[in-house]
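Here is a friendly walk through one structure, with its open spaces, its rings and a few backbone details. Have the viewer ready and follow along.

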Amino acid sequence: QPPSHRRSRTTMDAFNAADAQRHLQDVSETISSLATGLDTFFLLFAGACVFLMQAGFAMLCAGSVRQKNVKNIMLKNLLDACGGAVGFWSVGYAFAYGGDGPFIGNSNFFIMNDTEGYAYITFFFQWAFAATAATIVAGTVAERCKMSAYLCYSLALTGFVYPVVVRSIWSSAGFLTAFTDNPFRGIGMIDFAGSGVVHMTGGATALIAAKILGARRGRFEDADGNPLPEPATFPAHSVALQVLGTFILWFGWYGFNPGSALYISSSGYADIAGLCAVTTTMAAAAGAITAMFTDTLLGQIKTGEAEYDLTYAMNGCLSGLVGVTAGTSVVTPYGALFIGIVAGWVYCGFSALLLKLKIDDAVDAIPVHFANGMWGCIAVGLFAEPTRTAIAYGTDLHVGWFYSWGRGSGDANLLLVEFVGVLWIIAWVSATMIPFFLVLNFLGWFRVDALEEEVGLDISHHKGAAYDLAGPSKEDVEELVARRSTAHGKVEAPAANEEA
């Protein structure tokens, strides 16, 4: 071929190679964009499920309290989401994830550094978790807590207390995090979806608040202040709302646990999310059955009668969900079943302990969230399975103690880290919230007036009762009965002189 033809072919080959390179780059960018979009939608769906849990908490709390306090508890649940949004958006998210300080973040206040969709949806997902931590306290202090105190603590919890716990365990800069090249004790704390971070934090706050606030009037003492032989029971005003709330919460947990994978497009993340859905289901089922039948058995031993308490079934279910949340991505399905069984027993025992200590928890949120939050973290140190731990956290160097014994090592590093994490959360929440609630109590901002409590917070604080229970007038009913007793329309009552 002439030299000019060879040069032309060489030029064409170079052009084709450059075109192919551009095409491959376009395909790569398209795939990356699709993956980001898929991950964003995954977190949008999961975050919406977690936010739906606010409705579950609202229904559960509304059903658990007496009729005279329904408006009050519903408003508090609504304001949790609102106050939590403001507090977490302004400073909480920055304290949790901004900057590189090991204790507290120092950048991205008002999420001003975020400009992309996935960054925004990450904030949304994390806010839904923060609101969950805050709303745990609502049920515990129901029927006697002032609205001003509730707003103050909700902002404090979502804006400062909870973000510091998040920072220490979930941020790559935290001192207990597993998401760093040099984690504490070679593994860091495994709390995949927040048995400790979310539920223990909210539950510990609820315990402190209940102790300082005191019990509802008539719960442990009579009108003269004399101790009652047995704690008084305040029946729930709507079992239907309680059950509805429990099912909504269970549904929401499928965003809470599988959604904590944070991604779905990359290799391995679908495996994590799928496992989380199964372990969540097994623990919930086991907790409900165990708690209910344990109470039935103890009642039969005591009274000779077998009774099945719906409250124990519902709270046992929630206890199993809380218990498996920390290890949902690293335990086997049968491990989750055992965690749920123990969670049911933990709930029964801690609920009885609160009564012995005369701590009044209107919805038993402390046994469900605080006690089983602790159990969930400890369970990770026992049941974290090597293969699943490697998939979720990239290493199986330190795993659950039971599996370590199977390896012949008895390595308890992970169990030790989980204990340290539990103690850290208790210490931090106590150090911040005990003074906070004591100050509120000293200022008279914490508890409502005795008469207002007796009348009910709906009437004393919210312009009237939640339900209009006024029926038709007696005269109208009698007139209707009289009409239907004859085919001639309205029947006039005879005058007194006609009767004479």
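## Terms and ground rules

In what follows, Ala, Val, Leu, Ile, Met, Phe, Trp, Tyr, Cys and Pro count as nonpolar, Asp, Glu, Lys and Arg as charged, and the others, Gly among them, as polar. The model is predicted: local features need pLDDT of at least 70 and side-chain atom pairs count only at pLDDT 80 or more, while totals for chains, interfaces and linings use all residues. Residues are numbered from 1 along each chain as its sequence is written, and side-chain values use heavy atoms, with hydrogens and water left out.

## Overall layout

The chain has 17 helices and 0 strands; helices (H or I, at least four residues) and strands (E, at least two) are DSSP runs, numbered from the N terminus. Its C-alpha atoms fill a box of roughly 140 × 65 × 50 Å, taken along the principal axes.

Of the 500 residues in the chain, 50% are buried. Here buried means under 20% relative accessible area, exposed means over 50%, and partly exposed lies in between (1.4 Å probe, protein chains only). Among contacts with a separation of 6 or more, 75% come from residues 24 or more positions apart, where contact means heavy atoms within 4.5 Å.

## The enclosed cavity

Cavities and pockets are both found on a 1 Å grid over the protein atoms alone: a cavity is a set of points where a 1.4 Å probe fits but cannot get out, a pocket is an open set with protein on both sides within 12 Å along at least five of seven lines, and lining residues have an atom within 4 Å of a point. Grid points are joined across faces, edges and corners, and a volume is the space filled by probe spheres set on the points.

The structure holds 1 cavity of 30 Å³ or more, and the volume of the largest cavity is about 100 Å³. Its lining has 14 residues, with Phe57, Leu60, Val363, Ala365 and His369 nearest the centre. That lining divides into 9 nonpolar, 4 polar and 1 charged, and H1, H3, H8 and H10 each supply at least two of its residues.

How much space lies in the largest pocket? The value is about 1500 Å³. Of the 43 residues that line the largest pocket, Thr233, Asp309, Tyr312, Ser351 and Leu355 lie nearest its centre. Two or more lining residues come from each of helix H1 (3-64), helix H6 (239-256), helix H7 (269-303), helix H8 (310-325) and helix H9 (333-356). The lining of the largest pocket divides into 20 nonpolar, 10 polar and 13 charged residues.

The second largest pocket holds about 550 Å³ of space. It is lined by 21 residues, and Gln126, Trp170, Phe179, Ser260 and Leu262 are the closest to its centre. Helix H2 (70-97), helix H3 (117-140), H7 and helix H11 (386-393) each give two or more residues to this lining, and the largest share, 5 residues, comes from H3. The lining of the second largest pocket has 16 nonpolar, 5 polar and no charged residues.

## Aromatic rings

There are 32 aromatic pairs in the structure. Rings of Phe, Tyr and Trp (its six-membered ring) pair if their centres lie within 6.5 Å; planes under 30 degrees apart count as stacked, over 60 as edge-to-face and the rest as tilted. Phe88 and Phe123 are stacked, at 6.0 Å centre to centre and 20 degrees between the planes. This pair links distant parts of the chain, with Phe88 in helix H2 and Phe123 in helix H3, 35 residues apart. Both Phe88 and Phe123 are buried.

Phe350 and Phe370 are edge-to-face instead, at 6.2 Å centre to centre and 65 degrees between the planes. Phe350 belongs to helix H9 and Phe370 to helix H10 (residues 365-383), so the pair ties together parts 20 residues apart in sequence. Phe350 is buried at 18% relative accessible area, and Phe370 is buried at 8%. Ring pairs also link Phe95, Phe103, Phe109, Phe160, Phe175, Trp424 and Trp428 into a cluster.

## Positive phi

Most residues other than glycine have a negative phi. Phe110, in the loop between H2 and H3, has a positive phi near 60 degrees and is partly exposed, with a relative accessible area of 38%. Glu143 has a positive phi near 80 degrees. Glu143 lies in the loop between H3 and helix H4 (147-169) and is buried, with a relative accessible area of 1%.
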